[in-house]
Amino acid sequence: MQHFSPFWGNYDIIEVLCNTVHFCTDRIMDDTTHTILLIEDNRLQIDIVLHTFQKTTGHRFTLHAAESLQEGLTLISTEPIDAVLLDLNLPDSEGVNTLKAVLDESPGLAVVVLTALDDEETAVDAVKHGAQDYLIKGSADGDLLIRSLRYAIERKQISERLKASEQSYRMLVENINDIFFNLEERNCLSYVSPVVESALGFRPEELIGKPLLSLVEPEDRHIVSAALDEASIGFSDTLRFRVRTKNGPARYMRASGRPTTTPTGATTGFTGTMVDITERVQALEALNRAKEELEERVAERTADLARERGQLLSIFSSINEIIYVSDPKTYEILFVNPAAEARFGAPLVGGVCHERLMGFSQPCEFCTNDLILKNRYEPHQWELHNPILDRDFMLFDRIIQWPDGRDVRFTLAVDITDRIEAERRISESEQKWRGLFENTRDIIFISTIDGEFVDINPAGLELFGYTAKNIKDVVVLDIYENPEDRQRIRRKIDRDGFVKDFEVTLKRHDGTTIDSLVTATVVTDSNGVVVGYQGIIKDITKRKRSMNITLDSVADGVLVIDTEHIITFCNAAARKLFGIPQHDIIGTSIDDILPSLDERFYTILMDVLKTGRGVGNQELNITLPDGKSVPISLGISPLRDEESGALWAVMTLKDISTISDLKKEISGRYTFEDIVSKNREIRDIFDIMPHLGETDSTVLIEGKSGTGKELFARAIHNLSRRREGPFVAVNCAALPENLLESELFGHAKGAFTDAVRDKPGRFTRAQGGTILLDEIAELPLSLQGKLLRVLQEREYEPLGSIKTMQADVRIIASTNKDLSGEVEAGRFREDLFYRLNVVNIIIPPLKDRREDIPLLVDHFIDKISRKLGSDCLKASEDFMNFLMYYDFPGNVRELENIIEHAYVLCRGPVITTDYLPRELRNRVIDTVGSGQSLREQQEEAERRHIEEALIRFGGNKTRTARALNMNRSTLWRKMKRYEMFGEERQ
């Protein structure tokens, strides 16, 4: 009989199979007639077998005979054959192949092989290949032949039925969700059903041979280990533990099983099942958590209700106004607060309202008014005079539920005697000053503390276009054109008690506006409590118009901006420069009008607002709203706001395009988009920049600090199809990390504490243009992912907003660091690096382009002279020689600072080394003290410069000469002069 896989150690399946075997045997051992086929080529042998069957009694067999294999196969295919007596040596087939042919034709046949005495080895081989038994010809009697055939038929039928049963149960096990498993030596898995792959992610072959405990979570292994130690009795499905999965979280399992034993009772292993109960456990845990939360909330709410009841009386007791609670039917006073007892000076609780509070013997109209009972729980308001206290009160009355559950009448009595007195005084004041009201041309007004007009003189009615009747429906604050003016004047008058000559724009009834100066003060009662306002408004529209006409006649643009960068004034020249109407400028942020202002503008502005000292003749380029870049001369002066004391700024802007164009034309050949150079590497960059302008490809500019990376970025922008759009530069290292996201992408109102209004970010301001992300290596990792999304999807979301913004922006990045090294160090995302590094431009340091130093010196001297408005100075030979052989660690920016320092200190027409910064001047002195002449210093510097270039290019003279911007023959002569050939060979 064939051996089954270890899986069939499962005790349930074994029991079923055993029952099946007994059933099959019982069925076979009946008296059914069986058809036997004899395949034998020897006619004598056929007769012998036939004779043997005829002599046998008590057995029912039908015999067919065939003398060749082919004839036998034909009978097998056409007749219902139960068993075959097979001679292996036939005319048309010999040996085991004969058996194979029979079994191929009908695999379910029982086969008994007939063999000669000298060919028993072949018969044994046939049994190994599927025959049920063999008999030696001439040695078998009738009973042996019959027993052999019956045994072969029985075993074959049992085998086939067991196979079918095994297949059925295997399909059953492999298609249910439970995990079946077998354990053998050392509790290692010898079988796991295929469902383990969908349940835990492991293929069965990955687990075979591994200990079961390796699948169990470490915290639960003691549970499973204890159960396996008691394997002799098995365990029920109450065993629960967690098992790990291949690629996910652990799963909860419920297991059951029993040991497998030998017939002698020895334990050989273990078989069992596991059921995934993760969802059930999680649901139970969630239910328990919900139950606990509900119990906590019920307890908290119960405690809250208790506190609320206690706090209700506590709150009543802490209020300074009179509060009492009474029975709405019997008028009995149930509770009064300390303020009521203090005002009346006698016990009140237990008495009735009309007697204790009003001094009446019968219920008053207020007590008997059934309106409050009809409209239960609705508030009501009453005004009456109290004869006991001789004071006027406003009563606020409603039905509430008392802590004991009954409905009671809650009454709050507010003393309004002082308010009535204040209104009386205001009325008397009106009579006193009526003459002034009628005759002055300025507007005089009186209002309540809520801003309602109590009165306004005829001049005010005429100016604002109201009548004495409809002015009563107007609140003072509603006539302010600018809502912020309302808040500013209210804050100042509440803080100081008055305002004087506060300039605001007010609205007439017809919607037109007037410019005004407001002077106002508070009106107080006898206790010093503010009860209203009174003031004077002066119409300064004509005076301000005259001033505006004067400023509009000035050729330079004039702007006034407040501390929030909001434009409060703009003259005609500035409006013409911007190309925007006045109504679109006033009240708008300068950041929105000129979104591409560089950091230098903000540095100058913040310095003026911080120090209170103005500056003038600051030259810089601005990008106008139409995208045009214009050079201007900027002047900023401080202006103190009288209301807040804060410094505002008065800006003058002069268009110097004509002057700039003339100087660019003169600078000519070695200037490219404000970049001055005749260095070969820089000129190569100049050659590709027009091509970069034709695309929107992302550009990464690398170079040391001070090499002019922003100038190259601006040049690419000015050469691109986006040149009419804005150019926005952002220094990622200069902005704090907590503000950088807001600055880049903007924020929505309420995104954080100080976000009082929506603010567009730099990407929004650069829409349709170019944005330069300077010092990109300093961008925090937390923002690198968001920038990557902008590069990939061309969209982003402002901070605190769910609205997706489209980014129609070309991105240029620059850095003074090795970005690939930053990627390797884990400080910069690799995917963002490749997104930025589409086109790479490397700007050489100034020490590698010394031929540009004379051009740059002339350029900076001319620039500084224009800025200072002075005559242009000249640089001396020793000054130039020093610069030519200085290494400039700060590159072009350091050169510019050196020139400016020397220019400012120079007291003659020529700049010499005497005016160098102190640390550089000390170098000149040290060199002179060493005994070297200036020529020797120059030669030594030149030699060192050539040596560095030769080393950099591996001794290649052609590449070295090209980098040094000299002919190869010139390089050869200098190397010969400095005796450098021996060093080169070495």
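The model is predicted, so local features are reported only at a pLDDT of at least 70 and side-chain atom pairs only at pLDDT 80 or more, while totals for chains, interfaces and linings use all residues. Residues are numbered from 1 along each chain as its sequence is written, and side-chain values use heavy atoms, with hydrogens and water left out.

The mean pLDDT of the protein is 80, and 87% of its residues reach 70 or more; pLDDT is the predictor's confidence in each residue, on a scale from 0 to 100. Residues 1-29 have a pLDDT below 50, and beyond near neighbours in sequence this stretch makes 46 contacts in the model, a contact being heavy atoms within 4.5 Å. The pLDDT is also below 50 over residues 665-669, a stretch with one contact beyond near neighbours in sequence.

Helices (H or I, at least four residues) and strands (E, at least two) are DSSP runs, numbered from the N terminus. Helix α28 comprises 13 residues, 781-793, and at 1.5 Å a residue it should span 18 Å; its end C-alpha atoms lie 19 Å apart, which agrees. The expected span is 1.5 Å times one less than the number of residues. Buried positions in α28 are Leu-783, Gln-784, Leu-787, Leu-788, Val-790 and Leu-791, where buried means under 20% relative accessible area, exposed over 50% and partly exposed in between (1.4 Å probe, protein chains only). Viewed down the axis of α28, these buried residues fall within an arc of 155 degrees, so they line one face of the helix; the arc is that of the directions from the helix axis to the C-beta atoms. An α-helix has 3.6 residues a turn, so residues three or four places apart point the same way. The cover over the buried residues of α28 includes helices α26 (737-745), α27 (762-765) and α30 (830-836), along with strands β32 (770-774), β33 (795-796) and β35 (810-815). Just after α28, Arg-794 adopts a positive phi of about 60 degrees.

Two of the covering helices, α26 and α27, are also joined by a salt bridge, between Arg-762 and Glu-743 (3.2 Å, N to O). Arg-762 sits in α27 and Glu-743 in α26, so the pair ties together parts that are 19 residues apart in sequence. Both partners are buried, Arg-762 with a relative accessible area of 8% and Glu-743 with 16%. Elsewhere, salt bridges with shared partners connect Arg-203, Glu-205, Glu-206 and Lys-246 in one network. The whole structure holds 34 salt bridges, each a side-chain nitrogen of Lys or Arg within 4 Å of a carboxyl oxygen of Asp or Glu.

Arg-43 takes part in salt bridges with Asp-47 (3.7 Å, N to O) and with Glu-67 (3.5 Å, N to O). The latter pair links distant parts of the chain, 24 residues apart: Glu-67 is in the loop between β2 (61-66) and α3 (69-78), and Arg-43 is in helix α2. Arg-43 and Asp-47, by contrast, both lie in α2 (residues 43-55), four residues apart, about one turn of the helix. Arg-43 is partly exposed at 47% relative accessibility, as are Asp-47 at 36% and Glu-67 at 38%.

Finally, Asp-390 lies in the loop between β15 (380-386) and β16 (391-401) and is exposed, with a relative accessible area of 53%. A polar contact of 3.0 Å joins its side chain to that of His-385; such a contact is a pair of N or O atoms within 3.5 Å, and within protein one must be able to donate a hydrogen and the other to accept it, with residues adjacent in sequence counting only if both atoms are side-chain atoms. Asp-390 and Thr-417 are 27 residues apart in sequence, and their C-alpha atoms are 9.3 Å apart in space.
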